[in-house]
Amino acid sequence: MRQILMIWARPLALRPMTAIGIAFLLLIVVFAAASPWIAPYSPNEIDPVNRLLPPGGAHLLGTDHFGRDTFSRLVYGSRLALLIGVGVVTFALASGVPIGILSALYPTLGKVLMRMVDVLMSFPSLLLALGLIVILGQGVFNAILAIGLIYLTTTARIVYGVALRLKAEPYVEAARSAGAGPWWIITRHILPNMISPLLVQASFVFAFAQLGAASLDFLGLGAPPEIPSWGNMLAESRIYITRASWLLIWPGLMIVLTAFSLNLVGDALRDRMDPRFRKMVGK
Amino acid sequence: MLSVKDLVVSVGRGPDIVRNVSFRIEPGEILGLVGESGSGKSMTSLALMGLLPPTLSISGGSVMLDDTDITYLAPYQRVRRNCGRVAMIFQEPMTSLNPVLRVGDQIEEAVQVHDPDANASARARELLDLVRIPDAAHQLSAYPHELSGGMRQRVMIAIALACRPRVLIADEPTTALDVTVQRQVLGLIRELCDSLHMGVLFITHDLGVVAQLADRVAVMYAGELMETADVGPLFRAPLHPYTAGLMACLPNPESDDPIMATIPGSAPRPGEIPDGCPFAPRCDRASAPCRSGLVPLVHGAPGQSARCHFPLNERAGA
Amino acid sequence: MGRYVIRRTGAAIATLIAASIVIFAFIHLIPGDPVYVMLGDGATPDQVAALRDKMGLDEPLVAQYLIWAGNALQGDLGQSIFFETPVTQVILAGAETSILLALITMVWIIAFGVPVGILAAIRQGTMIDQGLSGLAMLLASVPTFWVGLYLILIFAAGLGWLPSSGYPSIFEQGGLANLSYLILPSLALAAPNAALILRLTRASMLDVAREDYVRTARAKGIRPSRVVLRHILRNALLAVVSAFGFTFAALISEAVVTETVFALPGVGRTVVQSIMRRDYPVIQGVILVIVCMFLVINLIVDLSYRLLDPRVELE
């Protein structure tokens, strides 16, 4: 355990790009935490007189077709981005980790569970999410479940692979032959070694959850329109792209930079990881 | 003949992992290079081949083959300049052959580089006969995974011979093999060395193998050569305490003592090598002069020399 | 090999059966009576009874599944509620667009991802490598529909070089020139997937370059370019080929969005529209067909991978 802590606490020999990525993510967190203080307007304040204003003046980044302030909506949109990311990561880990570990420890159960994961993986991911939304109905929480279901499968696969490797390690076999119970093995040997692969996986899932949520929003099946989300902003401005192309830039950039920053962080984490597991994580 | 003089290999701007290594290999002679893992013997051999990994480089000394300087030349540059060749076989015959190419193709590829005018497939069959692979014509179309470990190592030797080498480097070629197969491969190397009049650098951590196979021995420790000698004198009267320590670790069937000797302590890592003699911290003969400055070269039997202040069997005036 | 083909095919069929049960269950998992959901609250009892009867909803579940699966095996995926035509016809109507879109996209992916990945690997650690790897990560972080909207803005609305939306069949007026309608959509769809293939190609080239047999090849005195082509590339591409199955699945997934952006009459847009129209038989049918295609493609990729890799026992 100490070794793991040392790896993460290693003096931050950061590549400049990674540092920029972390800085951007911190900015998003600040945006989300302090939205009411940062945003000059309410995100849903309609102002029919000032519709489709270009950037500059009283509206820093212009206004949309309802006259709502683009900058304020971007700031509030970071709340949903974080909510979706945290929600999807939590769901994927909370379901994928137990499935993966139990499958590795109990081969018979594992055969069944992993076969079920295979079946889910044979559905193209967005179609799987869409199907679930048809069943559950539209909404932020349901979008999190639908996207989380996609990453349940990949997480379970990765955890299964890593746990199988760990289970075959001599010290784990020694502990088993010395009579250690499964709970002891999981908490003492498997989970501590799983931390760094899971951190890497979490940052990639967080990144791809942004793209998935944006796609759902764009199809009109994600967050309800009254919630300011970057995906909804893009979907709504779509018909005005020739008249007000600036509406397309900012929400898109927020999505791209958030996903890009998370990918950078994930990559940097992966480079510091135990090389044995490096290939198993991420795509 | 191959002559290595004051070779230094270093890690980027970091520590030297091979320091001032010098030796010669004559045609038809097997030089055993002995050392613990991490002593720098594999890196020495890769430096001779011109195959150091990108993070390492030769930062001093020279490698001469028949009066041509080949120090900084990669194998393909040696082909282009038409100088004598050094060929190499590796420890892991399992992973050293390309899994998706047939054995014949891999041998022929080497033949085409070194004998562009030869009939490659006929020459490949000839080489398989030379390394005693039965049913050569059939084996040429096999994939590496279809062969046993011993057969794969023979294929590796055939590939090496296809380069018509003046010197063959064998880096622990039998470590991964069964004992009976080991003997066959060692026998084959001896035989080819004699019949082709080729020099062999045989790298191993196993003094027992060296005693059977080599004509001369070089003992390496922490990146430096400790002692060089013909096989007979080395085993009869080692000069360097480290050599003596290695021999004491060999199992002795005539001894009743069930506990085998060990050398106390462990080998230093590159970058942590002490001043003076690198073996001094583990040596029971060491005293003040050993811990700083240059270590003198002392001589024993003809052809035997060691770097030590207090050698074991020094012969005055040798 | 024969035994492997049978085992692997068996596994694919088992997965397909399990997936078909999931797809069948889908309609029963929708809250409320699916018939009322589909027909709306204003439906007359006669209409409801007729649809119930047509969909066989009064049979026991197992019987319903067997009837549905049996019909599907014979190419009957049921009736579209919205179009009132067989689902197979609805799918066939979108098939040309979707298949051509996927093929053209695959061409971009292979033409860009593989060579650029090789370049990055050969120049490992240089500015070129860092630039290309950074570009790949950026492309993988971009939503396809956003790229699509910008492509429309620049090349269709701005420069007027290419059409912005729709796709007339190549069998209609215009012939093969109609493929120009698919250029922008396929580029948008290719961007993130080419990035993944680029990264994969680079990574597996570097993995293979560390192998012992590459060192053996160098020791032979072969030219570096030939070492790369014959020993590194060949083995590295095996790993890349095995990823094509998953790339195809990703394509189909993202095609749902791309077809919507570019208003292409493909299967993906049909799914989205059918969700809005509550045309559940169409959704079921399309997903079943896509899962089927995905399994077949992965099967082919797997088997050809085994053929290319002689390490597998050829019984």
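Tutor: The model is predicted: local features need pLDDT of at least 70, side-chain atom pairs count only at pLDDT 80 or more, and totals for chains, interfaces and linings use all residues. Residues are numbered from 1 along each chain as its sequence is written, with chains lettered from A and ligands numbered from 1 in the order in which they are written.

Student: What makes two residues count as in contact?

Tutor: Their C-beta atoms, placed from the backbone, must lie within 7 Å. On that basis, 34 residues of chain A are in contact with 36 residues of chain C.

Student: Which elements of chain A give two or more residues to that side?

Tutor: They are α5 (107-121), α6 (125-136), α9 (182-218) and α11 (246-271) of chain A. The largest share, eight residues, comes from α11(A). Helices here are DSSP runs of H or I with at least four residues, strands are runs of E with at least two, and both are numbered from the N terminus.

Student: How is the side of chain A that touches chain C made up by class?

Tutor: It has 23 nonpolar, eight polar and three charged residues. Ala, Val, Leu, Ile, Met, Phe, Trp, Tyr, Cys and Pro count as nonpolar; Asp, Glu, Lys and Arg as charged; the others, Gly among them, as polar.

Student: How far apart are the nearest C-alpha atoms of chains A and B?

Tutor: They are 18 Å apart, and the two chains do not touch. Of the two pairs of chains in contact, chains A and C share the most contacts.

Student: Why is α6(A) called mostly covered?

Tutor: A residue is buried if 20 or more other C-beta atoms lie within 10 Å of its own, exposed if 12 or fewer, and partly exposed in between, with C-beta atoms placed from the backbone. In α6(A), 10 of 12 residues are buried. Among them are A:Ser125, A:Leu128, A:Gly131 and A:Val134.

Student: How is chain B divided?

Tutor: Into domain 1 (2-85 + 165-315) and domain 2 (86-164). The bounds come from an automatic or database domain assignment. Their C-alpha centres lie 28 Å apart. Yet 21 residues of domain 1 of chain B are in contact with 20 residues of domain 2 of chain B. On the domain 1 side, β7(B) gives the largest share, five residues.
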